[in-house]
Structures are given as structure tokens and as C-alpha cells.
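Student: Could we go through this model together, one point at a time, with the terms spelled out as we go?

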Amino acid sequence: MFEKVKNQDHLLGKTNRIVDGTTIIGNITTQADFRLDGKLTGNFTSEGKIVIGPTGEVIGDIICKSIDVEGVFSGKLQSEGMLNVKSKAHITGEVIVGKLAVEPGARFEASCEMRTQTK
């Protein structure tokens with residue numbers, strides 16, 4: 001009657017990918033890492049790492065473990081780990097992160113709150 005919850009170890013090292021030229025309107029939820037080189041209008045939740053590639057664009061909210069941004073992000077971003085903002089990135093909105101690294105040349109036009117993890 002009840003199914004056992006499957007172990008998610010098989011997702012380790014796996015990466016979902018949305019390629020350039022793809023547009024998604026809606027929400028994405030994943031347990032694995034995710035690379036986005038297309039466009040997402042909606043919310044994005046991942047228990048892993050998210051990479052927004054140089055052609056990637058997200059308009060919406062993101063909640064994830066860690067994130068690298070090379071493309072465009074607009075919205076509210078929450079990451080318990082590291083946010084790496086690459087030199088070609090453009091971020092607007094609100095950012096709440098554990099750690100932040102911004103490369104020279106990046107456009108970072110967001111409010112930022114740093115939160116340390118409590119154990």
C-alpha cells in the first residue's frame with residue numbers, strides 16, 4: 001500500500017540541462033544539479049547546484065544549495081551556500097546567500113543579505 005522512499009544517491013553527479021533556444025514558462029523543481037542555457041520565466045528550486053550559463057536567463061525566484069551565474073537573473077535568489085557571479089553576469093533583485101563571489105565586470109544590481117549556516 002505504501003511505497004518506500006527511494007534513496008536519491010543515484011542523482012549524485014547527474015546534471016539536468018536546458019539548452020540555448022529553449023524557453024520554459026512555469027516552475028522547475030529538481031533534486032539534482034541543473035544547468036540552464038535557455039530561458040525560464042518562473043520559479044526554480046533545486047537541492048543541488050544551479051548553473052545559469054552565458055546564454056541563460058531566469059526571471060523568477062530561485063532556491064538552491066549553490067549557484068553560478070554567467071547569464072541574466074532577475075528576482076529573489078536564496079542559496080545556503082556559494083553564489084558565484086561571473087564577469088558576464090547581470091543580477092537584479094534580492095539575494096540571500098551564505099557566501100558571495102563577484103568577478104570584475106559583473107553587473108550586480110541587487111540587495112544582498114549574507115547568512116551564515118547555523119549548526
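Tutor: Buried means under 20% relative accessible area, exposed means over 50%, and partly exposed is what lies in between, with a 1.4 Å probe and protein chains only. This is a predicted model, in which local features need pLDDT of at least 70 and side-chain atom pairs count only at pLDDT 80 or more, while totals for chains, interfaces and linings use all residues. Residues are numbered from 1 along each chain as its sequence is written, and side-chain values use heavy atoms, with hydrogens and water left out.

Student: Is F34 buried or exposed?

Tutor: The relative accessible area of F34 is 6%. Since buried means under 20%, F34 is buried.

Student: How are the rings of F34 and F44 arranged?

Tutor: Rings of Phe, Tyr and Trp (its six-membered ring) pair if their centres lie within 6.5 Å, and planes under 30 degrees apart count as stacked, over 60 as edge-to-face and the rest as tilted. By this rule there is one aromatic pair. The ring centres of F34 and F44 are 4.8 Å apart and their planes stand at 85°, so the arrangement is edge-to-face.

Student: Which strands hold F34 and F44?

Tutor: Strands are DSSP runs (E, at least two residues) and helices are runs of H or I with at least four, numbered from the N terminus. The pair ties together parts that are 10 residues apart in sequence, because F34 lies in strand β4 and F44 in strand β6 (residues 44-46).

Student: Which backbone nitrogen lies 3.1 Å from a polar atom of the side chain of T30?

Tutor: T30 sits in strand β3 (residues 28-30) and is buried, with a relative accessible area of 12%. Leaving aside neighbours within four places in sequence, T30 is in contact (heavy atoms within 4.5 Å) with N16, T45, S46 and E47. The backbone nitrogen at 3.1 Å from the side chain of T30 belongs to A32.

Student: How many strands does the protein chain have?

Tutor: Buried residues make up 36% of the 119 residues in the protein chain. The chain has zero helices, and the number of strands is 13.

How values were computed:
A polar contact is a pair of N or O atoms within 3.5 Å; within protein, one must be able to donate a hydrogen and the other to accept it, and residues adjacent in sequence count only if both atoms are side-chain atoms.
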